[in-house]
Amino acid sequence: MLHYFVTCTNTQNAYGLPTEEGYMSKLITAFKALRGESYEQGNYQNQLYYDGANGVGSLKMLGFIKKLNGALNVKVFNSNGKINFKCGADFVKTNHRVPESLPAEALSSVGRCCSVDGDADRVVYYFTDKEGVFHLLDGDRIATLLAGYLKDLIEQCGVQLEMGLVQTAYANGASTDYIVNQMKIPVACTRTGVKHLHHKALEYDIGVYFEANGHGTIIYSDKAKQAIRAASDDETRTEEQRKTAARLLQFIDLSNETVGDAISDMLLVETVLHAKGWHPTDWLASYTDLPNVLEKVYLADRNVITVTDADRVVVEPAGLQDSIDEIVSKFPKGRSFVRPSGTEDIVRVYAEADTRENAVQLAFEVANLVFDRAGGVGSRPVKMEC
């Protein structure tokens, strides 16, 4: 909200009214207009379970519910406890499991759930299938869902705009392949940290950026807004094209361009799922994630490792990257990179491969290589369970 207030003020209220009421009204008005009169269609059901991580996002969502008036039925849980403790977006993403206090009915095959983090700038979705298996729909999935929907609307209204999607090295390789080869949308990779993604997204007419942890948003250039607005008023276009352009304008209003905003992003996701008539299983079926593993290696000094190429290539120690590449080459669809922490003497090792077993083995071998070549301390990395 603070980022929104500042932008409103700096644009002389052109972006909106710099008040909490102005913020909520802008999002909810756009959401209701996009939703229309039918709240359920196809496989989409108008019920969402919302994990507020015992943070500010739970309090604000309770206020949103009153103003939604049933346009989206939201059941809030984890609204009064220790922030992010065994709940929230990071817990769900890292542990691949549901948060504590999730209502029992949400574990059914029709339960659609999301978790935000304590300050409500990240959001991830998840559900359990008929066999009780947990399925995560993270920032990569959100990015592909929103970008695909925007691409369709842009093509339908006949506006020529350049759209791009920005990821980090932590994005699942299957998502990148799907975006580039199936959706035909350009993908850029930046260093970890939303400030890097945000600046890269500004290079496009419409820039979609999300980290895998669920932190991200959509940015629309002045050129894009003007072109879409003109299309909505252009009498030479078909009525359907004008309506689609008007829908795009509402989608823009629903996007909090100023900062990653879990509530805005959640409403965007719900809008697209509703429009497509999708259950989370339909969303999941878009592509299959490659199994991936994230390991930590403790070092005497993390600064012995330097990286380049959006954190994907090791520069120092010399020869370490060649050795990583040699290990990766043994695994089908293998990919691995190492990235030193910005705050403590650890190095994070990311690995993905065609199977869970191969991803675990790849992470194990690269982690031990880093331990030996970069001054590891404490216990050697051990292979995690598959």
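This is a short tour of a predicted model, with one selection at each stop.

**Stop 1: the sheet.** Select strands β1 to β5. They form an open sheet of five strands, in the order β2-β1-β3-β4-β5, with mixed pairing. Which strands sit at the edges? They are β2 (73-77) and β5 (134-137), and each pairs on one side only. Look along the sheet to see the twist, which averages 25° from one strand to the next. Strands of a sheet pair through backbone hydrogen bonds, either parallel or antiparallel.

Stop 2: Now select residues 47-51 and 113-116. These are β1 and β3, and they pair in the parallel sense over three bridges. Pick tyrosine 50, then find its bridge partner in β3, cysteine 114.

**Stop 3: two helices.** Select residues 56-68. This is helix α3, lying across β1 and β2 and running at about 155° to β2. Next take residues 88-95, helix α4, which packs on the sheet. Helix α4 touches β1, β3, β4 (123-128) and β5, and its direction makes about 115° with that of β3.

**Stop 4: the loop between β1 and α3.** Select alanine 53, which is found in this loop. Alanine 53 has a positive phi of about 60° although it is not a glycine. Most residues other than glycine have a negative phi. Is alanine 53 buried or exposed? Its relative accessible area is 0%, so alanine 53 is buried.

Step along to asparagine 54, in the loop between β1 and α3. Asparagine 54 counts as buried because its relative accessibility is 12%, and the cut-off for buried is under 20%. What does its side chain reach at 3.3 Å? The answer is the backbone nitrogen of glycine 81. A polar atom of the asparagine 54 side chain also lies 3.1 Å from the backbone oxygen of lysine 82. Beyond its neighbours within four places in sequence, asparagine 54 is in contact with residues including Asn78, Ser79, Ile83 and Cys87.

Stop 5: UniProt, in an unreviewed entry, places the feature "domain: Alpha-D-phosphohexomutase C-terminal" here, at residues 307-368. The chain over this stretch is 35% helix and 31% strand. Its end C-alpha atoms are 18 Å apart.

Select aspartate 311, in the loop between β11 (306-308) and β12. Aspartate 311 has a positive phi of about 70° and is buried, with a relative accessible area of 7%.

Finish at proline 317, in the loop between β12 (313-316) and α12 (320-328). A cis peptide bond joins glutamate 316 to proline 317, with omega about 0°. Most peptide bonds are trans.

How values were computed:
Residues numbered from 1 in each chain as written. Predicted model: local features only at pLDDT ≥ 70, side-chain atom pairs only at ≥ 80, totals over all residues. Heavy atoms only, no water. Pairing = 2+ DSSP bridges. Helix = DSSP H or I, 4+ residues; strand = E, 2+ residues; numbered from the N terminus. Axes fitted to C-alpha atoms, helices over the stretch in contact; angles between N-to-C directions. Contact = heavy atoms within 4.5 Å. UniProt positions renumbered as here; feature names shortened; annotations may be inferred. Buried < 20%, exposed > 50% of the residue type's maximum accessible area, 1.4 Å probe, protein only. Polar contact = N/O pair within 3.5 Å; in protein donor to acceptor, adjacent residues only side chain to side chain.
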